[in-house]
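Please report on the fold shown here.

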Amino acid sequence: MGGRNLTAPLVLMFIAALFSQIWASDPLFYESFDESFEGRWIVSEKADYEGTWKHSKSDGHEDYGLLVSEQARKYAIVKELEEPVALKDGTVVLQFEVRLQNGLECGGAYLKYLRPQEAGWTPKGFNNESPFTIMFGPDKCGSTNKVHFILQHKNPKTGKFVEHHLKYPPSVPFDKNSHVYTAILKPDNELKILIDGEEKKKANLLSSDDFEPALIPPKTIPDPDDKKPEDWDERAKIPDPDAVKPDDWDEDAPMEIEDEEAVKPEGWLDDEPAETDDPEATKPEDWDDEEDGEWEAPKVDNPKCEAAPGCGEWKRPMKRNPAYKGKWSAPLIDNPNYKGIWKPQEIDNPEYFELDKPNMEPIDAIGIEIWTMQDGILFDNILISTDEKVAESYRLETWKPKYDVEKEKQKAEDAGAGFKDGLSGLQKKIFDVLYRIADIPFLKPYQIKIIDVIEKAEKQPTVTIGVLVSTVVVFATVIVRLLFGSKKKPQRQEVSAPSASKTKSAETVGNDSPGTNGTNEEKEENVKVDDASAPRARKSRRET
């Protein structure tokens, strides 16, 4: 009897544990859009959101999704969860598919995981100001090309929510295939971003190296009330007060003077103009002197000047004045009163707090609130789970078959189109690498120019290896400048002796000045002297 009494409770405990494991593995939320979204997802009724959502098939598949159907519109739609999803304990996986069927030039395709809203809020009032806990997904426009992960975290000291952005997020795939985006939040504060099941970014939620601003504020901050003393001298160098301008320093001497040794070349045609009326030109029949003015024949180069060293009035060429010194200024010396660059003193940060793990608000609803210039954006298979294996199984069952079909179709199209009509597989890989390079942190100051070059090349169907090589050269040039800077030695071209050939005098001076981004920006001041002994510059022809 005693054995029987023990067996029943053990069996019940086993069954309960089994069901508990099964339920724990199930997704906390899943939306396949196999059925119409109407009645389950609520479209915002705010005036700004005029875009029309549609229940539509993915191009080439029988699978349905939520479609952005119009260009240049704002969209907003939200789905309230039956039960809030806690983010404080355990692993949480956020996953969804997006297919940019018409590409993405400028717009977002991200999801907002909303926290509990204020009293009186309704889904029909969903807009860009509705607070969220996490914003995750692709966004691309201009220099922006990233898969966002943004966290709104409450400061326990102030009670205010602060927005924290993932640093150096991965880039958005540039093709028109289906892609699945996964964010995995671990209990040890680790964050992983996957694209198509491949890890693209790993970060720590509490690390200042991974989020801007950091979730944990600095312990001290500059005192906002501290003021720089009036007698604080930040000048490291000052003009020498004892220096005196030399007596022979002539500030009025010109930079250039006539070359008195120059001689007019033999054969110079003083009386011939450089240009003459075109003898073959005729007055147009519809020319009206009263309305159009007196007609004049267009000018052409004087043929007599072609064989001569020059035409028109000859003038001596200019040369650099050896007596030129410019405006005098006293040399700089060390400032005896220099105190360094003033900084306010540090004080304790009243907003500082310590934290072992983020105290994130639960997810109460899922919203899509975007502005986009492209239509054809298709959302599908939105998932929230506590199990990475469950998320992986959904990727393999729902996304992978579609992606494989799309890739095979793309390969066939590329092979049929040939090199001139489309991007080869190698070129696509190169563009993907170039986009990743553009996201390198120390290239941030050049990112806009770099992405502009890549996008212009990518849009052209006749992209050649030459274009790709040119793009690589841009990166190489930037890197070389960052590593070594650039400096040119002054070059001087002396004035040649007077002859029938051209006489020139030029000086090029290269100055290096530090840029705001830690690089050297070249400044080149070229002093170019007109050669009066050579033929004078031709005037542009007058338009009829």
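## Disulfides

A disulfide joins Cys-106 to Cys-141, with an S to S distance of 1.8 Å. The term covers a pair of cysteine sulfur atoms within 2.5 Å. The torsion about this S-S bond is -75 degrees, and the link of Cys-106 and Cys-141 is left-handed. Cys-106 belongs to strand E7 (residues 106–108) and Cys-141 to strand E9 (residues 132–141), so the pair ties together parts that are 35 residues apart in sequence. Strands (E, at least two residues) and helices (H or I, at least four) are DSSP runs, numbered from the N terminus. Cys-106 is buried, at a relative accessible area of 13%. Cys-141 is partly exposed, at 32%. Buried means under 20% relative accessible area, exposed over 50%, and partly exposed in between (1.4 Å probe, protein chains only).

The count comes to two disulfides. The other one joins Cys-305 to Cys-311, with S to S again given as 1.8 Å. Its torsion about the S-S bond is about -120 degrees, so the disulfide of Cys-305 and Cys-311 is left-handed. Both Cys-305 and Cys-311 are buried. With the bonded cysteines numbered in sequence order, the pairing reads 1-2, 3-4.

## Basis of the model

This is a predicted model: local features need pLDDT of at least 70, side-chain atom pairs count only at pLDDT 80 or more, and totals for chains, interfaces and linings use all residues. Residues are numbered from 1 along each chain as its sequence is written, and side-chain values use heavy atoms, with hydrogens and water left out.

E9 and E10 run antiparallel and are joined by eight bridges. Strands pair if DSSP finds at least two bridges between them. Met-135 has Ile-150 in E10 as its bridge partner. E9 and E10 form a hairpin with two residues between them, and Gly-142 in the turn has a positive phi of about 60 degrees.

E10 also pairs with strand E11 (residues 161–166), in the antiparallel sense, over five bridges. Here Ile-150 has His-165 in E11 as its bridge partner. E10 and E11 make a hairpin with six residues between them. Gly-159 in that turn has a positive phi of about 80 degrees. How enclosed is E10 (residues 144–154)? Eight of its eleven residues are buried, so E10 is largely enclosed by the rest of the structure.

## Strand E6

Strand E6 (residues 92–100) is mostly covered, with nine of its nine residues buried. Val-92, Leu-94, Phe-96, Val-98 and Leu-100 point one way. Val-93, Gln-95, Glu-97 and Arg-99 point the other way.

E6 pairs in the antiparallel sense with strand E12 (residues 178–185) over eight bridges. Phe-96 stands opposite Tyr-181 in E12. E6 also pairs with E25, again antiparallel, over seven bridges. Arg-99 stands opposite Leu-378 in E25.

## Nonpolar cores

The largest nonpolar core has 58 residues. Such a core is a set of buried Ala, Val, Leu, Ile, Met, Phe, Trp, Tyr and Cys residues joined through side-chain atoms within 4.5 Å. Which members touch the most others? They are Tyr-113, Phe-136, Phe-149, Phe-379 and Ile-384. Strand E5 (residues 73–85) gives the largest share of this core, six residues. A second, separate core of nine residues includes Phe-431, Ile-450, Ile-451 and Ile-454.

Leaving aside residues up to four places away in sequence, Phe-136 touches a set of residues including Leu-94, Phe-96, Tyr-113, Phe-149, Tyr-181 and Ile-193. Contact means heavy atoms within 4.5 Å.

## Aromatic contacts

The structure holds nine aromatic pairs. Rings of Phe, Tyr and Trp (its six-membered ring) pair if their centres lie within 6.5 Å; planes under 30 degrees apart count as stacked, over 60 as edge-to-face and the rest as tilted. Trp-53 and Phe-379 form a tilted pair, 6.3 Å centre to centre with 55 degrees between the planes. Trp-53 lies in strand E3 (residues 53–57) and Phe-379 in strand E25 (residues 377–385), so the pair ties together parts that are 326 residues apart in sequence. Both Trp-53 and Phe-379 are buried.

Trp-399 and Tyr-403 form a stacked pair, 4.9 Å centre to centre with 25 degrees between the planes. Both lie in helix H3 (residues 388–421), four residues apart, about one turn of the helix. Phe-96, Phe-136, Phe-149, Tyr-181 and Phe-211 form one aromatic cluster.
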